[in-house]
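Colleague: Could you take me through this model, beginning with the sheet and then moving to the helices and the confidence values?

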Amino acid sequence: MSPPLIAPAAAAAAPAAAASSAALGLPPVQPLAAAVLAALPPHRLSLVVPLYNEEESVGPLVTRVHEALAKYPCPWELLLVDDGSSDATVERIEQAQREHGGHVRAVRLVRNFKQTAAMQAGMDRARGDVIVTLDGDLQNDPADIPRMVARLFDENLDLVAGWRKNRQDPTLLRKIPSWIANRLIARITGVRLHDYGCSLKVFRASRLRKIRLYGDMHRFIPAWMATVTTPRRIAEEVVAHHPRRAGVSKYGISRTFVVVLDLLAVYFFLRFRSKPGHFFGLIGLALGGVGATILAYLAAVKILFDESIGTRPLLFAGFFMCIAALQMLSTGVLAELLTRIYHSDTNPSYVAEDPAPLADGDGWQPPAPPA
């Protein structure tokens, strides 16, 4: 007998959960062709969803995931990472576990460590060969996941990133800053994507586990992936994007400035991680050239015209500004290096309450029976 799609306890709760999904106005799931699903090689799929104060979205999200993967031919699990929520998100996650079964797993962070740390916590506990990340606000649509996984295998890719081509967000506060940031990131990192900010991404787990996320670096995952694979194995897929119908957005215009600061760190690690001496050398040559020019000019004034230079503002301003600039740049880069060392496997960027470990065969939603 084929295994049931969801746990028996979910049978009575499924209609109510489905009604909640419909109440949010989500379109019906359009399944992939059976031939496409049947062509997928054997693998295990892990979905990682960071959640922060999303109590209204948890139930519809879990229902939507089950609708999208109802005919998925391989085992899968759903990891819901509570990022220190102050509302009833934890209770909603526990309810989803009771309704749907053990393949819905909870990861609880002891406080709010922000989205990047929550993603890393989920990735660390994901056991699949393919790892999917998506937001918990239902703006990303789980219905796109099977198609993206199929492309990952068909084209032998390591990352398929979502592209919110028809983005349902305010133009002035979200779309325009995102448009500028995406082009700036693409130019600096060399990874040409239209939409770096889309959380819906599908990864080959063996590659994803070679990088570590910290700070707010979840926006630059494709750039970090380019350090462990070739950009030719990174692609993007147009995905659906729905307007937020529940909860409150956690982002504002101030995120643009944070992106610019993080981009400086990304640029350094992509260009100079293995040769930081070149980075410091270029700065030293530039500052040394300016300083030498100033000192040569002042020396000529002193020698040729016998004028006093000891009290000239140019001498003090040029000398101290060059030293201050060099110190600030050096301190910033060294701080980034120390941060990378600190956030290693022995010092993760989060603290979580770990449940009892699962056996390798436990905690998976069994594959759907053949059509």
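Modeller: In this predicted model, eight strands form an open sheet of mixed pairing, in the order S7-S5-S6-S4-S1-S2-S3-S8. Strands here are DSSP runs of E of at least two residues, and helices are runs of H or I of at least four, both numbered from the N terminus; two strands pair if DSSP finds at least two bridges between them. Residues are numbered from 1 along each chain as its sequence is written. Local features need pLDDT of at least 70 and side-chain atom pairs count only at pLDDT 80 or more, whereas totals for chains, interfaces and linings use all residues, and side-chain values use heavy atoms, with hydrogens and water left out.

Colleague: Which residue in S7 stands opposite Ala 161?

Modeller: Strand S5 (residues 159-163) and S7 run parallel and are joined by five bridges. S7 (residues 234-238) is mostly covered, with four of its five residues buried, where buried means under 20% relative accessible area, exposed over 50% and partly exposed in between (1.4 Å probe, protein chains only). The residue in S7 opposite Ala 161 is Glu 236.

Colleague: In S4, what is the bridge partner of Val 48?

Modeller: S1 and S4 run parallel, and four bridges join them. In S4, the bridge partner of Val 48 is Thr 133.

Colleague: With which side chain does the side chain of His 43 make a polar contact?

Modeller: His 43 is found in the loop between helix H2 (34-38) and strand S1 (45-51), and it is buried, with a relative accessible area of 4%. Its contacts (heavy atoms within 4.5 Å), not counting residues up to four places away in sequence, include Cys 74, Asp 129 and Phe 153. A polar contact is a pair of N or O atoms within 3.5 Å; within protein, one must be able to donate a hydrogen and the other to accept it, and residues adjacent in sequence count only if both atoms are side-chain atoms. The backbone oxygen of Pro 41 lies 2.7 Å from a polar atom of the His 43 side chain, while the side-chain partner, at 2.6 Å, is Tyr 72.

Colleague: Why is H3 described as largely enclosed, and how many of its residues are buried?

Modeller: Among the buried residues of H3 are Val 58, Leu 61, Val 62 and Val 65. An α-helix has 3.6 residues a turn, so residues three or four places apart point the same way. H3 is largely enclosed by the rest of the structure because the number of its 14 residues that are buried is ten.

Colleague: How far does helix H4 reach from its first C-alpha to its last?

Modeller: The expected span of a helix is 1.5 Å times one less than its number of residues. For the twelve residues of H4 (residues 89-100) the expected value is 16 Å, and the reach in the model is close to it, at 16 Å.

Colleague: Which element has the lowest mean pLDDT?

Modeller: pLDDT is the predictor's confidence in each residue, from 0 to 100, and the protein chain averages 81, with 83% of the residues scoring at least 70. It stays under 50 over residues 1-19. Strand S4 (residues 130-133) has the highest mean, 98, and the lowest, 47, belongs to helix H1 (residues 10-23).
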